[in-house]
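I opened this notebook to record what I looked up in the structure. The entries follow in the order in which I made them.

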2 protein chains.
Amino acid sequence: MKKSVGAKTIIYPTPVLIVGTYDKSGKPNVMNAAWGGINCSDPPCVYVSVRESRYTFDNIVENEAFTISIPTEEQVVEADYFGIVSGRDADKLATTGLTPVKSDLVNAPYIHEFPLILECKLIHTVDLGAHTQFTGKILDVKVDSELTDSRGNPDIKKINPILYDPAGLAYYGIGEFKGQAFSIGKKFK
Amino acid sequence: MKKSVGAKTIIYPTPVLIVGTYDKSGKPNVMNAAWGGINCSDPPCVYVSVRESRYTFDNIVENEAFTISIPTEEQVVEADYFGIVSGRDADKLATTGLTPVKSDLVNAPYIHEFPLILECKLIHTVDLGAHTQFTGKILDVKVDSELTDSRGNPDIKKINPILYDPAGLAYYGIGEFKGQAFSIGKKFK
């Protein structure tokens, strides 16, 4: 028996995307976004939705660029901090001892210590209400070289990323392998 | 040391969203979308990105409505099948023995046996290239009543959803609790 829980923003899972930008003075800033995801394969696109009040908002508009740094599970405390404090009030990277690296493709910084990075050029903006959705064209993905699989692709079990549960306001790790996509479903064909 | 892996659509995690629609004849159809997520808090919005060639595409355009059904890990084979076969060629719900239920809020069906459901009215469409992004206003979320927490919200550890790894083309379960959001990061304040 299903019960209604109302018009809430609940899906499982949502990601933990750390959005890197520069402000007008060139200070690097990072924020934590769970409202983000891939929204096109070609051109390869990723979006993040940001409230207009956030420090990151003007930074994306002015630079037409952002990065996404994806933390490993050991970096969950830093990732959560990036969602609690505004870049107006703190230098979040200095406080956490993490190192901003300027992308050589766009005018935005990523986090050196985080294992997986996307460098993005803003190509589409839409105001949906409380959030504005910024879609970036992915110009490159970078990964710590020891965290790849035998084909050279990022390996999720070596990276150990985290996910966000928007109903329970909690972070979780990645669980057990449940099957290969475009494969296990052939049982029904 | 980071290495470039090129402009690929890789983030961790992406969700496994089963998109429910009716075709012109009223036949229910479902597809598997990993390119989806929450993109606004108010109005509460969720999007799915769909290729124009997919059967679901015209169904969403014509009905201006879709549902999202989120599978539990025991339903991963069915979910994968929904991404392999087109609704033009098969009645995917009949094949898998699952039950379509017409939403009483929008003209779209959801899957009775799947634990978490979102009912959505199309409010924004943008063609990004290979994919068109359909944003729906979430009108209601429904959950199997025994899978809620003490506050009546969906409980991720009872629902046991799956996630998709777009680099390894694989499904995984949800792992261990890693901390409470808006809380563990206070260590750095």
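**Entry 1: secondary structure and fold.** I counted four helices and 13 strands in chain A; helices (H or I, at least four residues) and strands (E, at least two) are DSSP runs, numbered from the N terminus. The model is predicted, and local features need pLDDT of at least 70, side-chain atom pairs count only at pLDDT 80 or more, while totals for chains, interfaces and linings use all residues. Residues are numbered from 1 along each chain as its sequence is written, and chains are lettered from A and ligands numbered from 1 in the order in which they are written.

I then looked up the dimensions of chain A. Its C-alpha atoms fill a box of roughly 55 × 45 × 35 Å along the principal axes. Of the 189 residues in chain A, 54% are buried. A residue is called buried if 20 or more other C-beta atoms lie within 10 Å of its own, exposed if 12 or fewer, and partly exposed in between, with C-beta atoms placed from the backbone.

Entry 2: I examined strand β5 (residues 36–40) of chain A, where five of the five residues are buried, so the strand is largely enclosed by the rest of the structure. Four bridges join β5(A) to strand β6 (residues 45–51) of chain A, and the two run antiparallel; strands pair if DSSP finds at least two bridges between them. Four residues lie between β5(A) and β6(A) in this hairpin. Opposite Ile38(A) I found Val46(A) in β6(A).

**Entry 3: the relation of the chains.** Which rotation superposes chain A on chain B? I read a rotation of 180° with 0.0 Å of shift along its axis, at RMSD 0.0 Å. That is the relation of a two-fold axis. The superposition is by least squares on the C-alpha atoms of residues with pLDDT of at least 70 in both copies. Gly175(A) comes closest to the rotation axis of the residues of chain A, its C-alpha being at 1.8 Å.

**Entry 4: the contact.** The contact takes 95 residues from chain A and 95 residues from chain B, where two residues are in contact if their C-beta atoms, placed from the backbone, lie within 7 Å. Strand β13 (residues 170–180) of chain A gives the largest share of the side of chain A that touches chain B, eleven residues.

**Entry 5: strands across the contact.** I traced an open sheet of six strands in the order β2(A)-β12(A)-β13(A)-β13(B)-β12(B)-β2(B), with antiparallel pairing. β2 (14–15) of chain A and β2 (14–15) of chain B stand at the edges, each with a single partner strand, so one side of each is left without a neighbour in the sheet. Within chain A, two bridges join β2(A) to strand β12 (residues 163–165), and Thr14(A) has Tyr164(A) as its bridge partner in β12(A).

I also noted four bridges from strand β1 (residues 2–6) of chain A to strand β11 (residues 131–144) of chain B, which run antiparallel. Gly6(A) has Val141(B) as its bridge partner in β11(B).
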